[in-house]
Amino acid sequence: MKKLILFTIVVITGLTAQAQKNIKLWYDKPAAQWVEALPLGNGRIGAMVFGSVEDELIQLNEGSLWSGGPMKKNVNPKAYQYLQPLREALYAEDFQKADELCRKMQGYFSESFLPMGDLVIHHDFGSDKSQNYYRDLKLDQAVSTTNFTVKGVKYSREIFISAPANIMIVKMKASKKGALTFDAKLSSVLTNSVSVLADDRLVLDGKAPARVDPSYYNKKNRQPIILEDTTGCNGMRFRMDLKASLKDGSVKTDANGIHVTNATEVILYFAAATSFNGFDKCPDSEGKNEKVITDSIIKNSTAQKYESLKKDHIADYQKYFNRVNLDLEEENTNKNTSVLPWDERLKAYTAGGKDPILEQTFYQYGRYLLISSSRLGGQPANLQGIWNKELRAPWSSNYTININTQMNYWPAEQTNLSEMHQPLLDWIGNLSQTGRTAASEYYHANGWVAHHNSDIWALSNAVGNKGDGSPTWANWYMGGNWLCQHLWEHYIFTGDKEFLRKTAYPVMKEAALFSFDWLQEKDGYLVTAPSSSPENEIHINGKNYGVTVASTMDMSICRDLFGNLIKASEILNIDEDFRKELEVKKAKLFPLKIGSKGQLLEWNKEFEEATPKQRHASQLFGLHPGAEISPITTPDFANACKKSLELRGDEGTGWSKAWKINFWARLFDGNHAYKMIRDILKYTNSSASGVTGGGTYPNFFDAHPPFQIDGNFGATAGMTEMLLQSQSGFIHLLPALPEAWKNGKVSGLRARNGFELDIKWSDGKLKSARIKSVNGENCILRSSFPFVIKGIKTSAVKDADGYTISFPTRKNDVYELIVK
């Protein structure tokens, strides 16, 4: 007989998250490789701190420093003439011809996110060795420290990057008066010149290349890097500005650096800026004055006390970070493991150790990285967030919008970081503008389109340099439609109708208008043709092809966009005729299909897969991040998704494993989701490369390999999905709790329709919860156990999978659920 579990809900006056304290990564040796260095950022400046004793290296980025300039028009004026022959080839299943025609409809490659330069701090300790070495990254403060002792003198460095002041601060201190002597040098792999502004101030002025080809594109007789644009448009300028402030000792500056002698405490102020002036402005001829910008930052920051700058920085950071706390119960962590440096701790975990503190820290690290790489007024987090050391970075460190950019922002709303979502939402607006040009020029279509790659210039054409890109990834047409989901999600989490009316709805509508023109009627259904399933291929007669008709992902994305637009139109009470057209077309979209093995088909027919273990699982979009498939509402399709995952396997890159955490959570299989957490948290050394075997580097960056930040963000989102889901119109508490997380609590998570939740569980069962109604919407709760709500006459409705109850709420009231 099942035990009846009662819930009591009472209104209380507040909901305050208890901040986790002393959350940090720490190490007992300096970083030897980039993926051992510790990341700092404020959404504009990114820094990788190595913590070296004699030659401290701080590798620097600025979020707007990219190669190139605005998207070019009329790049491929003949593209449209190939569209109808391409469709005819697909209908005849001449996939080879379809591939060839697709290549004729490509434009230029995206531009590249660039490294700005390095700050090297050199100490000459001679043959004396350091002792008592320690470095850390305090995730609860966004502060990095390095401490060591040489000849009995204790040296310390404290570094943070302030968002309010837009400056990086390096505070250096010696325990012995006058023992601090060093040289601070700026350098860059980009074209640059170094100048002295004062005895204590050094600047590096540089210029980005006019074009940088992707690292994977090396064509004979083609220069991969073009430094100058003869038209004066492409290639933005930038400045690095460094100033030293001393309490004692002396300082002098020349082209080789700032030289400090016999000081006790020194503060270095570092400012950075570019001439970037918008996605549609030439960064050289129409750019901002980067010199004026950094000069103002330096003057404003040096006018403040260090303590004030640090206090403001921590307060600003913690108002976001402290919103969510995850506690998986420290007593379950092996005490011998808890005293290890975090690279060794990760190795112990990989060997099978139990370490819930490591898991919850990894969760919060994802939130830390999002706050650090995506801030209001800045650029969206790219493939590497805001951290990159390569002139030709892997995949250009760009915006890859067939999964990776979207994954970056999955945790934004649900982990209470809605403000960090804004740079992406703003950028989508830019993309929709260039996307109108691409839709018109390439396809003679209305609305806007984006493909699989983009950049700071909001590039929207299919990449490939007019024929060199594989259509398997280059010619995919749903990037814009998928990104529109983020506009809707921001609304449905926040309830911001003004945003929905003025920003989201117009962009979503234009994407749908493109889809209206793009969809073709075939055999009674509306299909996408051409179509692909990123980045898999079909295998026919010994050959692989990427271009097909009506891939499952395409159709699910169209259903998602149309469905969200229908709801938005109803909420705003506008566009009734357009809404009816959406409803008609949505009903005619090619449906989901189940294959002979019980799997969800990836294409319109049951083709043989070229890569059965493909890292992408694009056909499962409807399960996650979409909401059309659920074990509760569509059990047959949910089972088909499960079969597809079993066939694809748990192997994959880091971000692929992160996506699978989300998939298994949506299937309510917490134990399998947890297995994927353990898989992604496998120690990976810095020499790992390739596209399989993803894991985690010593600094807890996700290993594709190489580094891609989407795996960090996707894992944080997946862990959240295990504890709370709300995509199906109700709040599902602990839908995929694994056996490994027997006891715990989480606070500050957000649910759709404007709710904020704290949840506690014990012995694998829900213990209590508190819900704040942010907007006063009706609340629908779901649990696996029967429950009642004291004071509310409505009874829980039972179905085969659990119990649901619906009750009205008042704005800002907090409701407490107590299990009895």
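**Pockets, cavities and core of a predicted model**

I'll start with the largest pocket, where helix H13 gives the largest share of the lining, 7 residues. This is a predicted model, so local features need pLDDT of at least 70 and side-chain atom pairs count only at pLDDT 80 or more, while totals for chains, interfaces and linings use all residues. Residues are numbered from 1 along each chain as its sequence is written, and side-chain values use heavy atoms, with hydrogens and water left out.

A pocket here is an open set of points on a 1 Å grid over the protein atoms alone, with protein on both sides within 12 Å along at least five of seven lines; a cavity is a set where a 1.4 Å probe fits but cannot get out, and lining residues have an atom within 4 Å of a point. Points are joined across faces, edges and corners, and a volume is the space filled by probe spheres set on them. Helices (H or I, at least four residues) and strands (E, at least two) are DSSP runs, numbered from the N terminus.

The largest pocket holds about 630 Å³. Its lining has 28 residues, and Trp488, Ile492, Asn564, Lys567 and Gln727 lie nearest the centre. H11 and H13 (552-572) each supply at least two of the lining residues. By class there are 7 nonpolar, 12 polar and 9 charged residues; Ala, Val, Leu, Ile, Met, Phe, Trp, Tyr, Cys and Pro count as nonpolar, Asp, Glu, Lys and Arg as charged, and the others, Gly among them, as polar.

Of its 14 lining residues, Tyr409, Trp410, Glu489, Pro625 and Arg752 are the closest to the centre. Which helix gives the most to this lining? H11 does, with 4 residues. The lining divides into 4 nonpolar, 5 polar and 5 charged residues.

The second largest cavity has about 50 Å³. Residues lining this cavity include His313, Tyr317, Ile371 and Arg375, and helices H4 (306-321) and H7 (356-373) each supply at least two.

Next, the core. A nonpolar core is a set of buried Ala, Val, Leu, Ile, Met, Phe, Trp, Tyr and Cys residues joined through side-chain atoms within 4.5 Å. Buried means under 20% relative accessible area, exposed over 50%, and partly exposed in between, with a 1.4 Å probe and protein chains only. The largest core has 229 residues, and Tyr443 is among those with the most contacts inside it. Helix H12 (residues 497-518) gives the most to this core, 11 residues.

Contact means heavy atoms within 4.5 Å. Beyond its neighbours within four places in sequence, Tyr443 is in contact with residues including Tyr80, Met105, Tyr477, Phe514 and Trp518. Ring pairs also link Tyr442, Tyr443, Tyr477, Phe514 and Trp518 into a cluster.

Rings of Phe, Tyr and Trp (its six-membered ring) pair if their centres lie within 6.5 Å; planes under 30 degrees apart count as stacked, over 60 as edge-to-face, the rest as tilted. There are 39 aromatic pairs in the structure. Tyr216 and Trp473 form an edge-to-face pair, 5.9 Å centre to centre with 75° between the planes. What does this pair tie together? Tyr216 lies in the loop between strands S14 and S15 and Trp473 in the loop between strand S22 and H11, so the pair ties together parts that are 257 residues apart in sequence.
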